[in-house]
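Reader: I am new to this structure and would like to learn how to read it. Could you walk me through a few features, one at a time?

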Amino acid sequence: MLRRRNIADSKPPPDRTPTNSDATQSSPVASVALKSVLIFLSLAISAFLWFYTRVPPASVNRYAICSRSGERVYTVDDDHPMATVQCLVIQDEFIVDTGSLDDVSARWHAADPSRLTIRIQYINDDSIVVPGLSDSHAHILEYGANQQLPLEGAKSINETVALVRDYIMEHLDVYHNTSKFVEGWGWDHTSWPTQEWPTADALDEDPVIRGRPVVLQSKDGHALWVSKMVLQRSGPFPRDVEGGIVVRDELGNLTGVFLDNAQQLVEKPIPTEDDLRRRFAITAKDALSLGLTSIHDAGFRPESLKLFESLAAEGLLPIRIYGMRYFDKAGPYWGNISKPIINAGNGRLNARSVKIFADGALRSGGAALYEPYHDNPGTKGFMRLDEQVMGEVVPRFLKDGWQVNVHAIGDYANSVVLDSFEVALRDVNVTALRPRLEHAQILKEEDMIRVGRLGVIASVQPTHAISDMWYAEDRLGPERVKGLYAFRSLLDHGARLALGSDFPVEDMNPLSGFYAAITRLSPEGASPKGPSGWFPEQCLSRIQALRGMTINPAYASFAEDTLGSISPGKRADFVVLSQNIMTVSADRILKTRVQATFIDGELVYGSL
């Protein structure tokens with residue numbers, strides 16, 4: 001709990017009673033009355049002037065957050081990355097000072113001696129303050145939708161089917177309406193005993209599910225599993241899909257699974273605006289409770305962009321959103337006719353980047369590799385966007401002033417994207433463009449060098465590493481797997497890392513990402529390589545991980561001048577944590593609680 005204290009200046013000198021030596025000498029009664037009126041007026045004017053000059057207007061919010069137990073405010077300042085201070089001072093939406101309590105108090109009063117007090121709020125002795133935390137790659141509305149029917153806990157096809165059946169039985173509006181779509185998210189065939197693709201037959205074998213339209217999104221978002229009713233409503237389907245796969249059995253029959261671009265062939269319900277607002281409210285509530293003050297949404301579709309623009313205009317965005325507009329290769333090029341959104345809703349909404357998909361995902365076998373998959377030698381994965389198209393649209397978007405953020409997972413896909421970046425970035429100011437590799441999962445060393453040399457931002461997700469480590473070596477082989485999630489190597493080659501979670505694919509909690517980045521261990525402390533971590537040489541230091549969640553995402557979203565560190569002049573986004581994640585033993589990090597979250601100096605979660 002934060003504790004308050006008021007520190008007062010020395011009291012003002014007592015008011016002097018004015019004399020009336022020049023007053024007209026008349027009757028004693030008149031003289032006494034005149035003196036009384038003059039004294040009253042003098043006191044009233046004096047009191048008004050004293051109050052006016054010493055009490056700030058009610059609209060001004062001024063206070064300080066301090067620690068009684070030393071310097072426990074981590075500033076993450078670029079000039080002093082490990083700097084800690086005792087206090088930060090907030091005025092309205094901005095941080096106006098940092099330092100020791102004595103120093104900030106002295107500067108506070110020196111700047112305006114008429115000020116009486118500064119309100120001090122103390123954190124607990126074990127607590128720390130860090131800049132507002134950012135997630136550099138997430139899916140905001142999808143998270144809200146995922147909470148409707150989460151499937152990640154199921155460890156087999158039968159368990160997943162049971163969750164769907166239970167959901168239908170528990171929701172009478174769904175149970176009594178067999179035409180109502182049932183949507184879920186999170187099934188993961190790599191965690192099942194047989195690691196096989198599910199089928200529409202498995203869903204329709206259940207009498208409660210049979211005949212209903214069911215659409216289930218995979219954990220990584222790169223596969224759909226649907227019921228027979230959806231197959232009937234969505235078909236017929238082509239044999240081949242560029243950048244995707246319609247999965248069929250050995251006889252050529254549809255199985256009910258669609259990968260990557262083939263997912264676009266599946267009929268799904270169109271959410272209403274109320275649906276979208278409800279999903280966003282779920283996400284925002286959870287995010288603020290976990291200390292997130294900014295989220296980079298990795299794929300604004302038109303309906304989500306419209307929603308966030310409306311919320312920004314209404315002043316109803318409780319969290320900062322940096323949006324990547326979705327690139328539809330089948331649609332017209334829009335980079336030269338659409339304008340970026342910059343600091344809408346008092347700085348809460350920005351959408352000045354484009355999201356392009358280069359390939360699929362490692363989990364579903366769609367990541368584009370140079371060499372065949374170790375566990376499936378018949379395929380190298382696939383590109384979701386033709387290389388020639390990639391080479392055309394990347395420079396075009398950059399030329400038209402858009403940041404280009406490309407989903408690239410396989411080593412081949414990352415190399416192709418870097419080729420496009422290298423051509424487009426010749427003789428230009430990369431700081432003004434800041435292209436990003438979203439995921440940057442598998443890279444050859446020569447491409448890691450290129451990432452640093454070109455100034456490309458690597459937007460990576462540490463929790464993916466500890467999820468995938470259990471099957472990654474089987475999929476890639478013992479040598480190639482060393483280039484998977486090689487965060488420290490990227491950093492050593494000069495790359496700037498922006499950390500995210502890809503929620504709802506992984507846990508939203510940013511401290512889960514922090515823990516994964518510095519340990520490369522499961523939450524239980526295990527890994528395929530033992531208790532020292534999965535390829536422990538790729539662990540980040542704690543300050544590197546903290547920077548990856550604060551100042552680096554700010555840079556990756558063109559906001560490093562206003563966000564990302566606790567520095568005077570920046571917006572007052574910060575978080576109070578229950579313990580010092582920079583010093584406690586690693587096995588205690590995930591026990592850390594968020595005690596308070598502030599955005600623009602306003603408490604948006606927790607209590608003071």
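Reader: What share of the contacts between residues at least 6 apart in sequence join residues at least 24 apart?

Author: In this predicted model, the share is 73% for the protein chain. You can see an example at L590 and Y515, which are 75 residues apart along the chain, yet their C-alpha atoms are separated by 7.2 Å.

Reader: Where is L590, and which residues is L590 in contact with, leaving aside its neighbours within four places in sequence?

Author: L590 sits in the loop between β23 (574-577) and β24 (594-599). With those sequence neighbours left aside, its contacts are L511, S512, Y515 and P523. Seen from S512, the contacts beyond four places in sequence are T463, D507 and L590.

Reader: Do L590 and S512 count as buried, partly exposed or exposed, and why?

Author: Look at the relative accessibility. Buried means under 20%, and exposed means over 50%. L590 has 32%, so L590 counts as partly exposed. S512 has 12%, so S512 counts as buried. Over the protein chain, buried residues make up 55% of the 608 residues.

Reader: Let us turn to helices and strands. How many of each does the protein chain have?

Author: The count is 20 helices and 25 strands.

Reader: How do the axes of α12 and α14 cross?

Author: Helix α12 (residues 411-424) and helix α14 (residues 445-454) have axes that come within 10 Å and cross at roughly 30°. Because of that angle, α12 is roughly parallel to α14. The crossing of α12 past α14 is left-handed. On the α12 side, D411, S415, L418, D419 and E422 take part, and they meet D447, R450, V451, R453 and L454 in α14. Sorted by kind, the residues of this contact are 3 nonpolar, 1 polar and 6 charged.

Reader: Now a sheet. In what order do the strands from β10 to β14 lie?

Author: The order is β10-β11-β12-β14-β13, in an open sheet of 5 strands with mixed pairing. β10 (182-187) and β13 (244-248) each have a single partner strand, so they stand at the edges, and one side of each is left without a neighbour in the sheet. Ignoring direction, neighbouring strands here are turned by 20° against each other on average.

Reader: How does β13 run relative to β14, and what packs on the sheet?

Author: β13 and strand β14 (residues 254-260) are antiparallel and joined by 4 bridges. Within this pair, V246 stands opposite F258 in β14. Helix α4 (residues 157-170) packs on the sheet and touches β10, β11 (214-218) and β12 (223-226). The direction of α4 makes about 145° with that of β10.

Reader: What should I look for in the backbone itself?

Author: Most peptide bonds are trans, and most residues other than glycine have a negative phi. Against that background, a cis bond joins G235 and P236, with omega about 0°. P236 is in the loop between α7 (228-234) and β13. The bond from F503 to P504 is also cis, with omega near 10°, and P504 lies in the loop between β22 (496-499) and α18.

Reader: What is phi of Y485, and what is phi of F535?

Author: Phi of Y485 is near 55°, a positive value. Y485 lies in the loop between α16 (472-476) and α17 (487-492) and is buried, with a relative accessible area of 1%. Phi of F535 is near 50°, a positive value in a residue other than glycine. F535 is in the loop between α18 and α19 (542-548), and its 10% relative accessibility makes F535 count as buried.

Key:
Residues are numbered from 1 along each chain as its sequence is written. This is a predicted model: local features need pLDDT of at least 70, side-chain atom pairs count only at pLDDT 80 or more; totals for chains, interfaces and linings use all residues. Side-chain values use heavy atoms; hydrogens and water are left out. Axes are lines fitted to C-alpha atoms, for helices over the stretch in contact, and angles run from 0 to 180 degrees between N-to-C directions. Helices (H or I, at least four residues) and strands (E, at least two) are DSSP runs, numbered from the N terminus. Angles under 35 degrees count as roughly parallel, over 145 as roughly antiparallel, 65 to 115 as roughly perpendicular and the rest as oblique. A crossing is left-handed if the near helix is turned anticlockwise from the far one by less than a right angle, and right-handed if clockwise. Contact means heavy atoms within 4.5 Å. Ala, Val, Leu, Ile, Met, Phe, Trp, Tyr, Cys and Pro count as nonpolar, Asp, Glu, Lys and Arg as charged, and the others, Gly among them, as polar. Two strands pair if DSSP finds at least two bridges between them. Buried means under 20% relative accessible area, exposed over 50%, partly exposed in between (1.4 Å probe, protein chains only).
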